[in-house]
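Please have a look at the model below before reading on.

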Amino acid sequence: MTNGLPVPVIVDCDTGVDDALALLFAVRHPGIDLRAVTCVAGNTDVDGVVRNTLTVLEQAGAPDVPVARGAERPLIEAPRSARHVHGHDGMGDLGLPAPRRAPAGVDAVTLLRREILASPRPVTLVPTAPLTNVALLLRTHPEVTRNIERIVFMGGAAGAGNATPVAEFNVWHDPEAAAILLTAGVPVTMYGLDVFTRVVVPGAEVRRLRASAEPGTRLAGDLLAHRPAHPGSRPGDPAEDDGGLGDAGALCAVADPEGLTTHRLPVEVSLAPGPARGQTVVDRRPRAGESELHEGVREQSLVDVALDVDVARYVSLYLATVERRPPA
Ligand code: BDR
Ligand code: CA
């Protein structure tokens, strides 16, 4: 909430098991006014993303939020799905029903522009996917930045990557688009792997959600059960049934920024071909180094990089929100 009013939010996603968890939260948090959802190829093909997004919004009880289809491939890279993580349908193969409605009759960039400029208060844009739609928006309609409060994106890493040893999937999938986002000229918060992997719901809570009679709550449980939080765990391990919140953590950070510790740091996307392509190079040095002494200071975007998170606080917030009860 700002001044007692919910924050106008637009989510750009590639639903996606954890994108679905994020949508369930956005729909149900009273401090978030979800004004639109735009879809981009990432975890699965863009038509699959649109279908999954429409279905999740229906299950969450929000069938009227406008949804638009966006880019079907990255700006330069070939499309590379993450079906091995998110299932053949991109949604954990849970057998969810087909949606009852079609997406908006306009493309994602058009819907983004329209909803951002029409919002009575500046919008918080939350990309939880490759940044292709957002880059196209910023290049086609740069005037939208006048009504964007900030961008909170799930992507990147100050430490280890997942798609490669150093690159996170959303940035690796479309590095040029991520580079455009970082120079948008609006405040940017990077909710990267450094915090993304840490917010985990204990197995007992996952089982409780799955037993719910309410469809949205049950869906959250089923999705979490598809997101093993500790990839190395074996059957019988106590933490085997834990489920990572993933992208949903970025929405928790919008609803409750106090739970996130950020540092304003220079960040640059590595665009060169080779093993570092797609890495978000975060400069955490306390002072300038030899490169600056010899070659001068290069202009770099300053980004609020999330380096720590109050895990218990976000888990409690997430559960209370999807179950529509006050936090414990
Ligand atoms: C990101 O990649 C996708 O598979 C997830 O939905 C998340 O947005 C994590 O690297
Ligand atoms: Ca995602």
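The report below covers the basis of the model, its sheet, its calcium site, its salt bridges and a surface patch.

## About the model

This is a predicted model, in which local features need pLDDT of at least 70 and side-chain atom pairs count only at pLDDT 80 or more, while totals for chains, interfaces and linings use all residues. Residues are numbered from 1 along each chain as its sequence is written, chains are lettered from A and ligands numbered from 1 in the order in which they are written, and side-chain values use heavy atoms, with hydrogens and water left out.

## The sheet

Let's begin with the strands. An open sheet of 9 strands runs in the order β3-β2-β1-β4-β5-β6-β11-β9-β10, and its pairing is mixed. At the edges stand β3 (67–69) and β10 (280–282), each with a single partner strand, so one side of each has no neighbour in the sheet. Ignoring direction, neighbouring strands are turned by 30° against each other on average. Strands here are DSSP runs of E with at least two residues, helices are runs of H or I with at least four, and both are numbered from the N terminus; two strands pair if DSSP finds at least two bridges between them. The angles can run from 0 to 180 degrees between N-to-C directions, with axes fitted as lines to C-alpha atoms, for helices over the stretch in contact.

β11 runs parallel to β6 (residues 188–191), joined by 2 bridges, and Thr-189 stands opposite Asp-304. With β9 (residues 260–269), β11 pairs in the antiparallel sense over 8 bridges; there, Leu-260 stands opposite Val-309.

## The calcium site

Which protein donors does the calcium ion (ligand 2) have? They are Asp-14 (OD), Asp-19 (OD), Asp-19 (OD), Thr-128 (O) and Asp-247 (OD), lying 2.3 to 2.6 Å from the ion. Their spacing along the chain is D-x4-D-x108-T-x118-D. Asp-14 sits in the loop between β1 (7–13) and α1 (17–28) and Asp-247 in the loop between β8 (243–244) and α11 (248–255), so this pair ties together parts 233 residues apart in sequence. Donors are N, O and S atoms within 2.8 Å of the metal (3.2 Å for Na, K and Ca); water is not among the atoms, so sites may look incomplete.

Asp-14 is buried at 0% relative accessibility, and Asp-247 is buried at 2%. (Buried means under 20% relative accessible area, exposed over 50%, and partly exposed in between, with a 1.4 Å probe and protein chains only.) In α11, 8 of 8 residues are buried, among them Leu-251 and Cys-252.

## Salt bridges

The count comes to 19 salt bridges, each a side-chain nitrogen of Lys or Arg within 4 Å of a carboxyl oxygen of Asp or Glu. Arg-264 and Asp-304 meet in one of them at 2.8 Å, N to O. This pair links strand β9 to strand β11, 40 residues apart. Arg-264 is exposed at 58%, whereas Asp-304 is buried at 12%.

Asp-33 and Arg-35 form another, with their closest N and O atoms 3.0 Å apart. Glu-77, Arg-80, Glu-176 and Arg-277 are linked in a network of salt bridges.

## A surface patch

Leu-75, Ile-76 and Leu-136 form a nonpolar patch with about 240 Å² of accessible area together. Leu-136, in helix α5 (residues 132–140), is partly exposed at 33%. Patches are made of residues with over 30% relative accessible area and no salt bridge, joining like charges within 9 Å and nonpolar side chains (Val, Leu, Ile, Met, Phe, Trp, Tyr) within 5 Å. Areas come from the Shrake-Rupley method with a 1.4 Å probe; for residues, only the protein chains shown count as cover.
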